[in-house]
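Hi everyone, thanks for making time.

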Amino acid sequence: MSTIAETASRDRTRRRMRVDGWRWAGRIFLAFMLLYTAVPMIWMLITSIKSGFAATQFPPQWWPDEPTLASYQKLLDPQNSVGQDFLRFFWNSLFVSTVTTILSVIVAVPAAYAFSRFSFPGRNFLFFAVLLRNMFPAVIFLVPLFILMRVLGLMNTHGSLILTYLTFGLPLAIWLLKGFYDNIPVQLEQAARIDGATRFQAFILIVMPLSTPGIIATAIYSFIGAWNEYIYAYTFLSKNEQLTLPVGIQRFFSENTTDFPGLMAASFMMSVPVVVLFLVLQRYFVRALTEGAVKH
Amino acid sequence: MTIVTGKAEARRTLQPGRPGVLRSIWEHRADYAYVLPAIAVMLIVIAYPIYYTIELSFFKTPPGLQLRDKTFIGFDNYTTILTSEVFWTVTWNTLIWTLGSTLISFVLGFATALALHREFIGRGVLRATLIIPWVISAVAASYIWKWIYHSDFGIIGAVLVGLGLADRPPNFIDNVSTVLPSLIVVNIWREFPFAMIMMMAGLQTVPDQLLRAAKVDGANAWQRFWHVTFPHLRNVSVVTILLLAVANFNSFIIPWIMTGGGPSNASHIWITHIYELAFGRQRWGVASAYSVLLFLTLMTLGYFYVRALTGNERKEGSA
């Protein structure tokens with residue numbers, strides 16, 4: 001008896017040690033990933049509160065002797081030419097991203113609904129054509145779009161960017177939303193229609209509210225994509241007053257190559273809106289991916 | 001996957017005879033209204049550019065965009081590309097860049113997802129922190145890392161010198177042999193969170209009962225992972241890897257901003273090279289021919305992508 005109990009308990013401790021081994025490996029790995037992820041961001045923040053002189057010291061000041069918010073003040077001061085530019089880029093980015101987001105939801109929702117509910121000829125072909133868009137790099141479309149935008153008279157306008165950005169967001173948006181609509185029982189709509197609702201009413205009153213998380217995820221994705229986009233903005237816009245943030249910052253700092261605190265402060269402020277937006281709404285995003293994309 | 005049911009259904013509706021197709025298109029005419037806006041945008045911004053790129057690739061084009069003066073030269077642009085030395089350097093770089101970034105991002109992302117799967121205090125905060133690099137603009141990321149790699153004031157160089165591992169800060173991105181790996185590190189920094197999110201979502205679909213049953217049967221942690229979890233995640237993994245591969249193949253911002261392809265083409269990948277040919281040297285015809293080659297490569301990848309997406313379907317369809 002006692003021997004059996006002994007072996008059993010020894011077995012248990014051994015198993016616990018094995019499990020603990022994996023758990024420790026996991027913890028160490030997570031600590032490493034946290035360092036890898038966070039150190040660059042922390043270093044960006046620390047640099048951004050240094051003076052230009054303090055940033056260019058060797059060995060570096062791990063924490064600035066005299067922390068200063070001068071870089072931020074300069075960027076946010078509308079009296080100053082740097083601040084004027086930065087704020088204008090910021091508003092341009094906000095405008096382009098917001099319009100893109102609204103339009104892509106308006107376009108993606110009905111399309112995803114149709115792909116999920118109707119079976120019209122060519123549906124699969126069209127669906128994959130939409131998905132395949134994801135495969136092709138911006139550069140392929142750059143030259144022809146450059147010419148197209150000139151023909152349409154959209155060169156140097158935000159319209160050229162909005163039209164282009166719409167197509168980035170759409171494939172994933174449609175894919176995610178379709179997953180959502182597949183999950184909403186058709187019976188709900190049928191019940192509403194028996195009660196006298198039109199297809200459109202059933203869609204607006206029943207389906208739309210149920211797919212809100214999907215719509216939010218779609219919106220975040222479009223917004224972040226548009227906010228961060230660089231290559232088209234770099235190619236289509238040349239007037240300083242129209243630049244969006246990524247291009248504006250790049251252009252500004254290719255002229256002022258040594259202002260590292262300013263560059264880091266600008267990078268930080270460019271990241272804040274999307275990071276905040278994402279952190280606030282991330283649970284929708286992860287849920288949408290789970291339900292829409294990786295559903296079994 | 002979700003597309004699964006779709007294709008089977010469509011096949012069913014399409015089956016009754018050819019003449020039915022036109023009628024069925026007519027019967028479903030209202031359905032097209034829903035997809036029309038999406039398709040219209042796609043046609044303008046995708047179909048037309050693709051057609052135009054292919055056309056341009058057979059022409060010799062004068063610099064400047066006076067494209068009316070182009071002359072037809074057949075496959076000359078293609079031979080120019082394939083016989084140039086730069087092409088092979090750039091192709092090799094693209095291969096290393098794409099494979100390195102994709103595989104390491106996937107492995108790191110998957111491992112992080114597994115490590116985060118267990119409940120513990122601070123898990124939510126940790127997860128959110130790890131996702132941030134993916135959300136940050138690639139332009140910001142490039143500048144942050146350029147500063148970190150800086151040859152005089154960079155933090156990595158300072159740490160290496162501080163630990164006595166180097167006499168003076170190494171020059172990471174102005175050195176032909178270290179530039180590409182250095183850029184890949186930046187790219188992975190931005191991309192592993194995507195793999196992590198996808199795999200976390202995938203992990204939630206692994207049935208708990210199966211894992212518990214395996215545990216009761218005496219399977220250890222590794223066996224449970226290898227025989228239960230991993231097979232369940234195969235489709236998600238394939239889709240994630242393909243999406244990463246395509247994104248990496250198409251990346252532009254990090255090499256462009258951090259090095260501009262230099263030093264001596266050591267960090268030029270296809271996309272940056274095409275961009276430089278087109279907008280830097282204004283060789284529109286050659287750049288278009290390059291784009292077509294790129295396009296063909298991506299079509300091949302795309303074929304596997306669609307196969308991976310519809311893989312389930314066929315299995316379910318036959319069952």
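**A residue at the meeting of two chains**

Let's begin with B:Asp31, which sits in helix α3 of chain B, residues 29-56. When I say helix, I mean a DSSP run of H or I with at least four residues, while a strand is a run of E with at least two, and both are numbered from the N terminus.

Quick housekeeping: this is a predicted model, where local features need pLDDT of at least 70, side-chain atom pairs count only at pLDDT 80 or more, and totals for chains, interfaces and linings use all residues. Residues are numbered from 1 along each chain as its sequence is written, and chains are lettered from A and ligands numbered from 1 in the order in which they are written.

Back to our residue: is B:Asp31 buried, exposed or partly exposed? B:Asp31 is partly exposed, because 19 other C-beta atoms lie within 10 Å. Buried would take 20 or more, exposed means 12 or fewer, and partly exposed is in between, with C-beta atoms placed from the backbone.

And what does B:Asp31 touch, leaving out residues up to four places away in sequence? Its partners are A:Ala114, A:Phe118 and A:Phe120. Contact here means C-beta atoms, placed from the backbone, within 7 Å.

So, zooming out to the two chains: the contact takes 89 residues from chain A and 87 residues from chain B. On the chain A side, helix α1 (residues 2-48) gives the largest share, 16 residues. That side has 65 nonpolar, 18 polar and 6 charged residues. For those classes, Ala, Val, Leu, Ile, Met, Phe, Trp, Tyr, Cys and Pro count as nonpolar, Asp, Glu, Lys and Arg as charged, and the others, Gly among them, as polar.

Chain A itself has 13 helices and 0 strands. Of its 296 residues, 43% are buried.

Now a helix pair in chain B. Helix α5 (residues 85-115) and helix α9 (residues 179-203) pack at about 40°, with axes 6 Å apart. Axes are lines fitted to C-alpha atoms, for helices over the stretch in contact, and angles run from 0 to 180 degrees between N-to-C directions. The contact of α5(B) with α9(B) has 18 nonpolar, 7 polar and 1 charged residues.
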